[in-house]
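These are my notebook entries on one model, written with its sequence and structure open beside me. I go through them topic by topic.

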Amino acid sequence: MQEMINRAKELLSDGTVNRVLGWRRGDMSYNPEPSYFETAEDLDANFVYNGFCGANLSKYMIEGSKLEGKTLVFLKPCDSYSFNQLIAEHRVDRDKAYIIGVGCMGKLSFEKIKEQGVKGITNITIDDANENITVETLYGEKTLAYKDCMLERCHVCKGKEHQIFDETIGESRDTKDADRFAEVEKIEAMSPEEKFAFFQNELSRCIRCNACRNVCPACSCRKCVFDSTKFDSAQKANVDSFEERMFHIIRAFHVAGRCTDCGECSRVCPQGIPLHLFNRKFIKDIDEFYGEFQAGVDPEAKSPLTSFTFNDVEPGVTGGRR
Amino acid sequence: MFKIAKSKLPELLKAIAAQQELFLPVNNNGQVNFAAWFEGCNADIETLKTVKSPKDMFFPQSETLYTVKKEQHKLSVEPQALADQNFVAFGMKACDIQGIKVLDKVFLAEPVDTFYRARREHGTIVALACHEPEESCFCKVFGVDCAEPDADVVMWNANDTLYWKAVTDKGTALTEALSGVLENADAADEKAVETEQENIRAIVEKLPYTNLSLEGWNGNVTEEKFNSPVWEKLYKPCLACGTCTFVCPTCQCYDIKDYDTGHGIQRYRCWDSCMYSDFTMMAHGNNRTSQMQRFRQRFMHKLVYFPANNDGMYSCVGCGRCVEKCPSSLNIVKVIKAFEKEAANHE
Amino acid sequence: MSITANEEFKPKIVAFCCNWCSYAGADLAGSSRLVYPADVKIIRVPCSCRVNPMFILHAFEKGADGVILCGCHPGDCHYSTGNYYARRRMALLFSMLDYIGVEHGRTRVEWVSAAEGVKFSQTMNEFVAKITSLGKNVRLEDLRCRK
């Protein structure tokens, strides 16, 4: 972390960048927030980078690209996919960003920590090897395995490589220990009744807060179709189950072929809905129907839904395992 | 006072449900929210905070106001019936109840919101003292005592026992109807409750946000706070989602919309969020055009405008849901602290 | 006289037809006096590619029991490539609908040219029969729209 601060201060003082986009220390150990820094003092006092800095800063670079001068942005390996994708969509300006790829040892989930029976957290310390975290609480101390506290997305890590950067700082760790499509396959194997019941139950918790949409780097429309006042389905009413299904299918569809599977939607959902299951289904289908495709690897690549071949599969055949 | 062994909770719930409709915290795939009771439901009174606040029971996220039906060339308007069934809200916490008091100020003041009033009149609140307050709690800042909630019935959860004390007439009536399952408590039990209360209050003193200062936040500082340069920095991480407003026990803004059913119109209202770009949208457009303004509105409303109009009552109750749920880790505590820091810098 | 529930059920079908091929195909079916059920309501669209996934879902929301999209045969699109894009979109959407538990067969894509009046009426007959066998759409309906 100190290396990041030092380098940021250098770049600020030599005028390469006008500001730094990173994470600001929160008032708890687990709540740093995405933030801009403009002075060395501010960086020294408040910059933080640790397991709780899960937020994908690529999304903030959409606004950052409109600011005067260059912004230094710290991107984790998986964030860099999103940044590349945003370049492809002309939503960020590469020339306005100075990208430092930062190492990532897997990011932590506050929810997962609490699930392990932790209450009243006063302090969390992460050991240097990122193997264990020690949680001090009002009701005693607990040591948890880092692995058990990681976000879902880190268990299907896309790897240690940054897709785009000007320089890199720090080591990464490939935390992949699960198959990316295992959950999707499990659902595919269910009967229609089971599938329906599964999603009905998950989506019944949706409160239409739109956090999944707003945090998504691929959801970069200036005005979302769900925000239209001329549209029957309100963006904020959970009137009945149709609305939730419609919203989540369309949300995932609108980012199909552009979603890098950064997992932010599932991270931020206040109701713990596994939203990545929608996105990954599209990713899996795209891989199967049109060949392997990972959004955000090559900003020049054509996305699967803006291209075609003459011999694509027919919809009737694909909409259900024959 | 009465008591019941915690192992008998299912029987207690069943007995209540036999009397009235029952809403309680139910665990659905790891997430606990207030929901209607059903036989075999995964009732969870140990989780301190439900994801959504229980305000739903009195002020649902969406509710129909009236329906217009079209048959041939005739239109008929059917008003929505008001709630007329008694129900029990089981396991609400002290902060949630303070939240309801805030809603009362809004919906029970003239002109009275009849939908809300009907639900308030038919609801019996069975509160649960907070056995183990958590770090994101700061209800004491707003004068809430989580060891002694202000409800129709209060329960304490200690020593594998639920202690039950009826406070109001509604509470007494419910208690009498449950005489078959509740046991009489004795002096030792009274003592146990006192000990539990002492324990709770001792923990509250140790909570990191307990000594948060509200100095400088009142109904008379509109100009000063509104024009502060602090907002411009503070709002930056805000994603403009509605999480904070939708989990909040006091947010009371709603939108009214029409839904075309193909054979008529359903006019309904749904929670709105000041974080959304179409909040208070009018024919000429929107009077808050930037996210900074929308962000500022939320906190100004809770800490300045609301106290200005309601005898100094803040419309934050310190439940800490926004602290836990904000995707960008922004929250009202950070706002209050940022202003505190700013004031200190000026001195 | 007893009427079973199944006989009573008349499915509502929405057919999105592209202006250049399938709509003309439907026209030909009509002028050739070919029979297909009146339960099919045709919505003319400029190209099959005009149909976005929300159209399909909206049709279900408002009470359709089945939705079919008809366009020019691949290679024959009036705009050269529109139906290729539509094909990819619908492939993904239908697969998603299947994934969330909507009965397979409630949605369909068929390529019908302006000369294929017979194919149009056959397709619609088949589709109506299929939807009738599946019964009422309950998994993708908006309860407020129920009469």
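Does Arg208(A) count as buried or exposed? Arg208(A) counts as buried, because 25 C-beta neighbours lie inside 10 Å; I call a residue buried if 20 or more other C-beta atoms lie within 10 Å of its own, exposed if 12 or fewer, and partly exposed in between, with C-beta atoms placed from the backbone.

I note at the outset that this is a predicted model, in which local features need pLDDT of at least 70 and side-chain atom pairs count only at pLDDT 80 or more, while totals for chains, interfaces and linings use all residues. Residues are numbered from 1 along each chain as its sequence is written, and chains are lettered from A and ligands numbered from 1 in the order in which they are written.

**Entry: backbone exceptions**

I looked up Arg208(A) for its backbone as well, and found a positive phi of about 55° although it is not a glycine. Arg208(A) lies in the loop between helix 7 (192-203) and helix 8 (211-215) of chain A; helices here are DSSP runs of H or I with at least four residues, strands are runs of E with at least two, and both are numbered from the N terminus.

I then turned to Asp311(B), another residue other than glycine, whose phi is positive, near 50°. Asp311(B) is found in the loop between helix 9 (291-309) and helix 10 (321-325) of chain B, and it counts as exposed because it has 8 C-beta neighbours inside 10 Å.

For the peptide bonds I noted that the one from Glu110(B) to Pro111(B) is cis, with omega near -5°, and that Pro111(B) has its place in the loop between helix 2 (94-107) and helix 3 (114-122) of chain B. I recorded these cases because most residues other than glycine have a negative phi, and most peptide bonds are trans.

**Entry: a hairpin in chain B**

I traced strand 4 (residues 62-71) of chain B to strand 5 of chain B, and found that six bridges join them and that they run antiparallel; strands pair if DSSP finds at least two bridges between them. The two strands form a hairpin with two residues between them, and Gln72(B) in the turn has a positive phi of about 55°. Lys70(B) stands opposite Leu75(B) in strand 5 of chain B. Strand 5 (residues 74-79) is hardly covered, since I find that the count of buried residues among its six residues is zero.

**Entry: nonpolar cores**

Which residues touch the most other members of the largest nonpolar core? I found Ala127(B), Cys139(B), Cys146(B) and Met155(B), in a core of 181 residues, where a nonpolar core is a set of buried Ala, Val, Leu, Ile, Met, Phe, Trp, Tyr and Cys residues joined through C-beta atoms within 7 Å. The largest share of this core, nine residues, comes from helix 4 (residues 82-99) of chain C. Apart from it I noted another core, of 47 residues, including Leu75(A), Ile121(A), Tyr146(A) and Ile164(A).

Leaving aside residues up to four places away in sequence, I listed what Ala127(B) touches, including Met92(B), Ile97(B), Pro149(B) and Val153(B).

**Entry: helix 2 of chain C**

Helix 2 (residues 22-31) of chain C is mostly covered, with seven of its 10 residues buried, among them Tyr23(C), Leu28(C) and Ala29(C). What covers these buried residues includes strand 1 (13-18), strand 2 (40-45), strand 3 (66-71) and helix 5 (117-134) of chain C. I noted that helix 2 of chain C is followed by Arg33(C), whose phi is positive, near 60°.

**Entry: contacts with chain A**

I found 34 residues of chain C in contact with 31 residues of chain A, contact meaning that two C-beta atoms, placed from the backbone, lie within 7 Å. The largest share of the chain C side, 15 residues, comes from helix 4 of chain C.

From chain B, 46 residues are in contact with 38 residues of chain A. Strand 11 (254-260) is one of the elements of chain B that each supply at least two residues of that side, and strand 11 of chain B gives the most, with four residues.
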